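These are my notebook entries on a single structure. I record what I looked up, entry by entry.

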Amino acid sequence: MLDATDQKLLSALQKDAHLTAQQLGELLNLSASQAGRRRQRLEADGYIRSYEARLDPDRLGLSVQGFVQVHLESHGPEQSERFSRLVRMRPEITSAWTMTGEADYLLRVFCTDLAALNRLLHEILLPHPTVARVQSQIVMAQLKSDGPLPT
């Protein structure tokens, strides 16, 4: 069970994962060692899964962000596993979800340009034997970046 101090610690780390135990202690009105132990406990208990750097896609030349809805030809464990393998192999697919509703999967993709997105759709996804059809949307502007989870 998380108490208010744990929630405040998690919120602070989502904003800046580089905070030291000393800085966390000052923020939480705890000693550095108490803040460090809380952080370690939250890591060990699985509340904190990892620490990552958020990169700027534009600086990396990834100027096209899109969402791709994928509809499978048929449904079964083998088809799902084959499609999952494809998704895991493609670096331009940065996240994927199984969905309720019309589409089976929703993919978030980053590509260098529209031609690269077109190749992903027409040379990789559509020819895959499990895929019946895809529908893509190109992001015009991102109003809110992937934010911290509510704590």
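Does Glu52 count as buried or exposed? I worked from a predicted model throughout. I looked up the relative accessibility of Glu52 and found 69%. Exposed means over 50% relative accessible area, so Glu52 counts as exposed.

Entry on the setting of Glu52. I located Glu52 in the loop between helix H3 (32–44) and E1. I then checked its distance to Ala17: the two are 35 residues apart in sequence, and their C-alpha atoms lie 8.2 Å apart in space.

Entry on the largest pocket. I noted a volume of about 1800 Å³ for the largest pocket. Its lining comprises 49 residues, and those nearest the centre are Glu52, Ala53, Arg54, Asp146 and Gly147. Sorted by class, I recorded 25 nonpolar, 12 polar and 12 charged residues in this lining.

Entry on the elements that line the largest pocket. I listed helix H1 (4–15), helix H5 (114–125) and the strands E1 (64–72), E2 (93–98) and E3 (105–111), each of which supplies at least two lining residues. H1 gives the most, with five residues.

Entry on the surface. I found a nonpolar patch formed by Leu114, Ile138 and Met140, which together have about 360 Å² of accessible area. Of these, I followed up Ile138, which I placed in strand E4 (residues 131–138).

Key: Residues numbered from 1 in each chain as written. Predicted model: local features only at pLDDT ≥ 70, side-chain atom pairs only at ≥ 80, totals over all residues. Heavy atoms only, no water. 1 Å grid on protein atoms, 1.4 Å probe; cavity = no way out; pocket = protein on both sides within 12 Å on 5 of 7 lines; lining within 4 Å. Points joined across faces, edges and corners; volume = space filled by probe spheres on them. Helix = DSSP H or I, 4+ residues; strand = E, 2+ residues; numbered from the N terminus. Nonpolar A, V, L, I, M, F, W, Y, C, P; charged D, E, K, R; others polar. Patch = residues over 30% accessible without salt bridge, like charges linked within 9 Å, V, L, I, M, F, W, Y side chains within 5 Å. Areas by Shrake-Rupley, 256 points an atom, 1.4 Å probe, with all protein chains shown as cover. Salt bridge = Lys/Arg side-chain N within 4 Å of Asp/Glu carboxyl O. Buried < 20%, exposed > 50% of the residue type's maximum accessible area, 1.4 Å probe, protein only.
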